Amino acid sequence: FFVALRFGDAINAFTGLFVVPKFVSQEELGAVLPVLNFTTFLSLPLSIFITGYTKLLNVSAVNNEWGKVKRMYIDVLKYSFLFILFSVLLVVAFHGPVFERLRIQNGLLGVAIVLAGFLGAFAPLFTNTLQGLKKFRELSIVNIIAAPIRLVVILITMPIRPLTGFFVAHGSVPFAQIVASTCAIRKTVFSSELASQSYLDDKTRRWFLRFILLNALFVVPMIIGNCVETMIIRQRLSELDSAAYYMLSRIAEIGGYLGLTLMVVIFPFASEQHEKGKDNDSLLLRVIGASAAFSLLFALVCYFSKDFVLSLLPNGESYLAYTKEYMLLIFIFSAIAIWYCFVNNEMASERFTFLRYHIPLQLVFMGILFAFTGYGYFYGYLPDSWVNAIRELNACRLDFLLSIIALLNLLRLAFAVMHICIRNRRA
């Protein structure tokens, strides 16, 4: 499973670092990540719903209640179309102002985003079913075939319309996942010999609503925070800065590859241990340790080879001055991967006390980014001396903004470690 994910990541890294910059100009390159986050925002309602479904599916799978799994899958397919319709309405309402702030032309891009958002919202239904049923072999095959398909579609469509072609290719990945996953689960979920069984009694319904509400309290601030981060970098900084952020982040995210893989694996196992009343912190600590060790090794390699690696990138000479930002991004992506492992473990175990610090941190983080980069809005509302002091910070710099983001992730990790220590001490 790890090799399969890394194969897909290697192709995606090559695509993001060398193929996309070949067709998208440096002036528009910095808009790629904000628009990607916008498509993630579109699938937000469905992704919240799907996480609850995955947990419920895990419970039924542990008890070998395959009839419930079949009924659950059929029901969730029906409900999903309501969420997808909502996503389409969001695109219609917000794509104009978003494109204007990102300094990109509309054209057919809005249509491509609707397509990518629709498929991106729908695909987790299928891949999460494989995850919940622990069909990691089949999930590996799905990931192996998705990345090459994306690369082929990019090579076909991006020469015609660069950004639009990119998002058409982005939509081809979930489309491939849907088709391959359907083939993998048809005998388990859609077998005509398997009778569907009811799974929603009053107790389960109350549990499900509580679970997705608590999941929403985590996901909504997280996704909106990601949108705010990339939108501000694109809107407030220069085109070179936002392009550098795109290019450097494509390398930096490699530091979180192991953690993101383990994040997928840990959920069903942690859920199963929780249902059996077993402690799963030992599994979590091993996952965090392995992810942190991999990230540290990657950071050391990048530090000693940074000039060589950056010089290999398209327009690489433009990014040689961003070595500080490069190392900050490596820390940020590595910390995010470890944080997601912790959160997935907590959700699988139905523990949500981490929200007590997650929500305030996200709100403060977004407030600081808005205040430090949009200080002009505060003239007339705050004393001029305060606003001038913020202006003198010169916060509209990539290194400054990344330092704030790195601090947020450091605090999250510190709280997570403290959380685990307090829980084990009480035990």
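A: Before we start, one term: contact means heavy atoms within 4.5 Å. Please also keep in mind that this is a predicted model.

Q: OK, with that in hand, which residues of α9 and α13 meet?
A: On the α9 side they are F211, N215, F218, M222 and N226, and on the α13 side they are W339, Y340, V343 and M347. Sorted by class, the residues of this contact are seven nonpolar and two polar, with no charged ones.

Q: And how are α9 and α13 set against each other, roughly parallel or roughly antiparallel?
A: Their axes come within 12 Å and cross at roughly 165 degrees. Angles over 145 degrees count as roughly antiparallel, so α9 is roughly antiparallel to α13. The crossing of these two helices is left-handed.

Q: What angle does α13 make with α11?
A: Helix α11, residues 257–275, packs with helix α13, residues 323–348, at an angle of about 15 degrees, and the axes are 8 Å apart. Because angles under 35 degrees count as roughly parallel, α11 is roughly parallel to α13. The crossing in which α11 passes α13 is right-handed.

Q: Which residues make that contact, and how do they divide by class?
A: From α11 the contact takes G259, L260, L262, M263, I266, F267, A270, S271 and H274, while α13 brings A337, Y340, C341, N344, N345, M347 and A348. Eleven of the residues in this contact of α11 with α13 are nonpolar and five are polar, and no charged residue takes part.

Q: Where does α12 come in, and how far apart are its axis and that of α11?
A: Helix α12 covers residues 281–312, and it packs with α11 at an angle of about 175 degrees, with the axes 10 Å apart. That angle makes α11 roughly antiparallel to α12. The contact is made by Y257, L258, G259, L262, I266, F269, A270 and Q273 of α11, together with L283, L284, V287, A290, S291 and F294 of α12. By class, this contact of α11 with α12 has eleven nonpolar and three polar residues, and no charged ones.

Q: What lines the second largest cavity?
A: Its lining consists of M222, G225, N226, E229, I332, I336, Q362, F365, I405, L408, N409 and R412. The elements that give two or more residues to this lining are α9, α13, α14 (355–373) and α16 (398–426). Six of the lining residues are nonpolar, four are polar and two are charged. Two of them, M222 and N226, are also among the α9 residues that meet α13.

Q: And the largest pocket, what is its volume?
A: The volume of the largest pocket is about 450 Å³. It is lined by 17 residues, and those that lie nearest its centre are V98, R101, C227, V228 and M231.

Q: Which element gives the most to that lining?
A: That is α9, which gives seven residues to the lining of the largest pocket. The helices that each supply at least two residues include α3 (32–42), α5 (66–102) and α9 (202–236). By class, the lining of the largest pocket has 13 nonpolar, two polar and two charged residues.

Methods. Residues numbered from 1 in each chain as written. Predicted model: local features only at pLDDT ≥ 70, side-chain atom pairs only at ≥ 80, totals over all residues. Heavy atoms only, no water. 1 Å grid on protein atoms, 1.4 Å probe; cavity = no way out; pocket = protein on both sides within 12 Å on 5 of 7 lines; lining within 4 Å. Points joined across faces, edges and corners; volume = space filled by probe spheres on them. Helix = DSSP H or I, 4+ residues; strand = E, 2+ residues; numbered from the N terminus. Nonpolar A, V, L, I, M, F, W, Y, C, P; charged D, E, K, R; others polar. Axes fitted to C-alpha atoms, helices over the stretch in contact; angles between N-to-C directions. Parallel < 35°, antiparallel > 145°, perpendicular 65-115°, else oblique. Left-handed = near helix turned anticlockwise from the far one by under 90°.
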